[in-house]
Amino acid sequence: MAILLGETFGKLMKIDAEITFRKLEIFMAFMEKGNIARTAETLGISGVSVHRALHTLEEGVRCPLFIHKGRNLVPLPSAYTLLEHSQEAVALMARGIAETRQAAGVGQGRLRIGTLYSLTLETVPRLIMGMKLRRPELEMDLTMGSNQLLLNMLEDGVLDAILISISESEIDRNRLEVLPLFHDDIFLAATSSFPLDTSKLADLRDYRDEKFVSLAEGFATYNGFQEAFHIAGFEPEIVTRVNDIFSMISLVQAGVGLALMPGRMKKVYENSVQLLKLAEPYQMQQSIAIVFARNRELDPNLLALAAEGRMYARSFIDTPNAPL
């Protein structure tokens with residue numbers, strides 16, 4: 001196998017650099033249309049570009065392909081021989097590129113999206129509905145998890161794109177493309193029956209004696225939770241740590257403890273959970289974004305997702321007070 005590959009590579013190295021797939025495509029179009037003007041019109045390029053491509057291709061092959069009869073180029077038998085092999089080569093390469101993209105999971109009929117649990121209330125459904133209008137044939141697999149888990153899955157190629165809080169993650173902008181969607185404030189959350197003083201902002205020091213529930217390490221609000229209580233100067237009594245925001249809200253609803261929660265959850269739970277904005281020293285904000293590998297930015301499915309994401313982000317600019 002090594003000897004065969006070496007022999008093949010050696011043969012490929014003998015092909016002149018003037019012979020490119022683009023020039024072969026122009027050559028094939030000329031052989032079909034019969035003259036430079038119609039070829040240029042079909043390909044949307046100038047007649048000069050067609051003539052130059054044919055001339056340099058002839059130089060690369062190192063044998064005559066055409067003769068001039070007046071102002072016309074007339075193919076020689078050598079041109080028809082090259083045409084036959086060009087059609088095979090271009091078709092083979094087109095098939096090879098398609099199979100390569102399939103092996104990489106690019107541009108297929110399935111898109112694997114990862115998301116934070118909290119984004120399944122509003123953001124993800126709107127993006128999916130928009131995507132189905134753009135690409136009705138596309139199937140979407142949805143995976144929910146923590147910020148860190150989703151980033152790891154993206155880097156391992158298990159997911160095609162993720163929706164996470166970039167404010168709480170280290171993002172390699174050289175390898176990953178980031179499309180911001182919206183910003184969201186973090187609030188103190190308590191059950192509706194808790195005597196929460198809504199006449200002022202929440203100073204965490206006033207809740208030193210209260211119990212708290214928290215998301216586990218790796219989730220979007222975990223680091224912010226730790227930092228806020230570090231500023232407050234005390235370690236909160238954490239009753240339990242959970243692995244999704246809906247479990248955390250259920251515990252808050254049941255009166256098990258207080259929590260720190262993104263404002264986007266308010267619309268669904270406003271009748272059973274109170275949210276109070278944090279006082280200035282503890283205020284924090286999440287920046288929610290779509291993240292995908294930069295080397296896949298031309299994937300048609302990801303282009304559609306990015307376009308839908310931009311429309312979603314624009315809705316917050318056009319309607320600043322739009323609910324999350």
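Which residues of helix H9 (residues 245–253) are buried? The points below take this up, then turn to the cores.

1. This is a predicted model; local features need pLDDT of at least 70, side-chain atom pairs count only at pLDDT 80 or more, and totals for chains, interfaces and linings use all residues. Residues are numbered from 1 along each chain as its sequence is written, and side-chain values use heavy atoms, leaving out hydrogens and water.

2. The buried residues of H9 are Ile245, Met248, Ile249 and Val252. Buried means under 20% relative accessible area (1.4 Å probe, protein chains only). Helices are DSSP runs of H or I with at least four residues, and strands are E runs of at least two, numbered from the N terminus. The four lie on the same side of H9, because they cover an arc of only 100° around the axis. That arc is taken from the directions from the helix axis to the C-beta atoms.

3. Look at the ends of H9. At its start, a side-chain oxygen of Asp244 comes to within 3.0 Å of the backbone nitrogen of Phe246. Just after H9, Gly255 has a positive phi of about 80°.

4. The largest nonpolar core has 36 residues. Such a core joins buried Ala, Val, Leu, Ile, Met, Phe, Trp, Tyr and Cys residues through side-chain atoms within 4.5 Å. Among those with the most contacts inside it are Ile162, Ile164 and Val291. Helix H11 (300–318) is one of its suppliers. H11 gives the largest share, six residues.

5. A second, separate core has 21 residues, including Phe229 and Met284.

Definitions and conventions. Buried means under 20% relative accessible area, exposed over 50%, partly exposed in between (1.4 Å probe, protein chains only). A polar contact is a pair of N or O atoms within 3.5 Å; within protein, one must be able to donate a hydrogen and the other to accept it, and residues adjacent in sequence count only if both atoms are side-chain atoms.
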